[in-house]
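We will go stop by stop, with something to pick at each one.

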Amino acid sequence: MSIEIAKILHVDMDAFYASVAERDNPRLKGKAVVVGIGNRGVVSSANYAARKFGIRAAMPIYKAKALAPQAIFVAPDHAKYSQVSEQIMKIFDDITPLVEPLSLDEAFLDVTGAQRLLGSARKIADSIRERVSREQGITCSVGIAHNKFIAKIASAHCKPNGVLEINPDKVLEFLHPLEVDQIWGVGPKTNQQLAKLGLKKVGDIASTPRQTLIRALGQSSGNSLYELAWGMDYRDVQTERIEKSVSSSETFDEDLSNIEEILGNFLNLTEKSAARMRTKGFACYTVGIKVRFSDFKTITRSKTLELPTSTTKEIFEVVKQLYLALDLKGEAIRLVGVSLDSLVENDDIEQLVLGQRQTGWRQVDQAADKIRGKFGSSSLRPARLVEDHDQ
């Protein structure tokens with residue numbers, strides 16, 4: 001009796017936000033496109049033409065503009081990204097029930113059993129890429145391996161718009177020449193610690209005694225690093241991922257001190273976060289804010305409610321209370337943020353909320369979400385966010 005070898009796909013959209021922008025505006029095709037606006041904001045996404053200039057996600061906008069003045073900078077549209085993501089996840093669900101979304105634009109799929117009906121993992125990967133391209137007008141890359149760790153690295157090595165399958169007997173040949181920062185959990189700090197030990201390649205880690213790594217990095221990190229360096233990853237694809245929070249933030253082009261302007265930005269972020277939360281079918285118990293000053297000092301405040309809520313109005317009332325309670329007396333603010341935490345599924349709290357809270361605002365939000373879904377995220381806005389020149 002032969003043992004069936006697991007086949008895990010890691011499917012990752014290529015420059016997702018930028019690709020959606022290009023799809024919706026054909027004039028952007030062939031040009032360097034960066035998602036992110038405002039001189040003091042950060043890059044959310046950059047297409048491959050922009051990446052040739054050294055532009056990367058999380059880079060300050062001003063630096064990206066300096067690297068590529070000719071690049072086209074577009075505003076992010078998170079509502080649109082959520083809609084596209086939902087359709088992509090439906091494609092995955094058509095392939096296998098064993099899907100683990102990691103974010104809007106990537107997921108693990110266990111296609112071990114699906115191969116009996118749909119063909120090899122490579123054939124399934126090609127089918128997914130064809131459907132994503134045909135139905136959503138964007139491209140994706142797929143890594144194939146016997147575990148999640150190797151599949152994710154493989155997808156990164158075949159971008160853009162490629163497929164890479166790593167067979168079990170070729171894992172170490174593929175893995176050991178890579179730089180150590182290719183391993184999950186190896187950030188700048190861990191990278192520095194490993195460099196001090198003379199460990200620059202994954203193969204260097206694999207050749208280091210486990211106990212040496214544990215002494216240098218601690219029990220958990222040392223163990224994990226050693227096993228990953230040998231291509232060992234025992235995690236299954238988790239089909240139920242409970243989203244922990246939804247958040248949005250805004251960095252201002254110039255520091256703000258006017259309370260009404262700041263509250264207007266808080267309302268805008270509240271509206272975005274609440275709409276994304278409702279799209280995912282959640283309500284929140286905890287509402288939080290983040291305030292960053294001109295000297296980069298950052299403070300956060302939060303409040304947990306007696307009943308969960310999904311309405312923009314109720315959430316903003318909490319946000320407003322939290323901000324006014326700071327009593328900042330005109331201090332200059334660089335960034336504000338809103339977070340919605342302790343999420344629960346809307347279906348689970350429907351009866352509880354309906355029995356204890358007026359439902360009018362929930363119905364307003366539901367209607368508004370439908371309008372924005374059909375006509376765009378800016379088609380319907382709170383009155384205080386509509387400027388004189390808005391049509």
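The tour of this predicted model goes from the sheet to the aromatic rings, then to the charges over rings and the cysteines.

**Stop 1: the sheet**

Show the cartoon and select residues 33-35, which are strand 2. You now have an open sheet of three strands, in the order 3-2-4. Its pairing is mixed.

Now look between strand 2 and strand 4. The two run parallel, joined by three bridges. Pick Val-34 and look across: the bridge partner in strand 4 is Phe-73. Remember Phe-73, as we come back to that ring.

**Stop 2: the aromatic cluster**

Select Phe-16, Tyr-17 and Tyr-81 and show their side chains. They form one aromatic cluster. The model has four aromatic pairs by count. One of them is Phe-16 with Tyr-17: the ring centres are 5.9 Å apart and the planes meet at 50°, so this pair is tilted. Phe-16 also pairs with Tyr-81, at 6.0 Å centre to centre and 55° between the planes. That pair is tilted too.

Which helices hold Phe-16 and Tyr-81? Color residues 16-24, helix 1, and residues 78-95, helix 4. Phe-16 lies in helix 1 and Tyr-81 in helix 4, so their contact ties together parts 65 residues apart in sequence.

**Stop 3: charges over rings**

Lys-65 lies over the face of the Phe-73 ring, 5.5 Å from the ring centre. This is the Phe-73 that partners Val-34 in the sheet.

Next, select Arg-51 and Tyr-48. The charged end of Arg-51 sits over the Tyr-48 ring, 4.4 Å from its centre.

**Stop 4: the cysteines**

How many disulfides does the model contain? The count is zero. A disulfide needs the sulfur atoms within 2.5 Å. Seen from the other end, the closest cysteine sulfur to Cys-158 is that of Cys-140.

Check the surface once more. Cys-140 is buried, with a relative accessible area of 1%. Cys-158 also counts as buried, at 12%.

Methods:
Residues numbered from 1 in each chain as written. Predicted model: local features only at pLDDT ≥ 70, side-chain atom pairs only at ≥ 80, totals over all residues. Heavy atoms only, no water. Pairing = 2+ DSSP bridges. Helix = DSSP H or I, 4+ residues; strand = E, 2+ residues; numbered from the N terminus. Buried < 20%, exposed > 50% of the residue type's maximum accessible area, 1.4 Å probe, protein only. Phe/Tyr/Trp six-rings, centres within 6.5 Å; stacked < 30°, edge-to-face > 60°. Lys NZ or Arg CZ within 6 Å of the ring centre and 35° of its normal.
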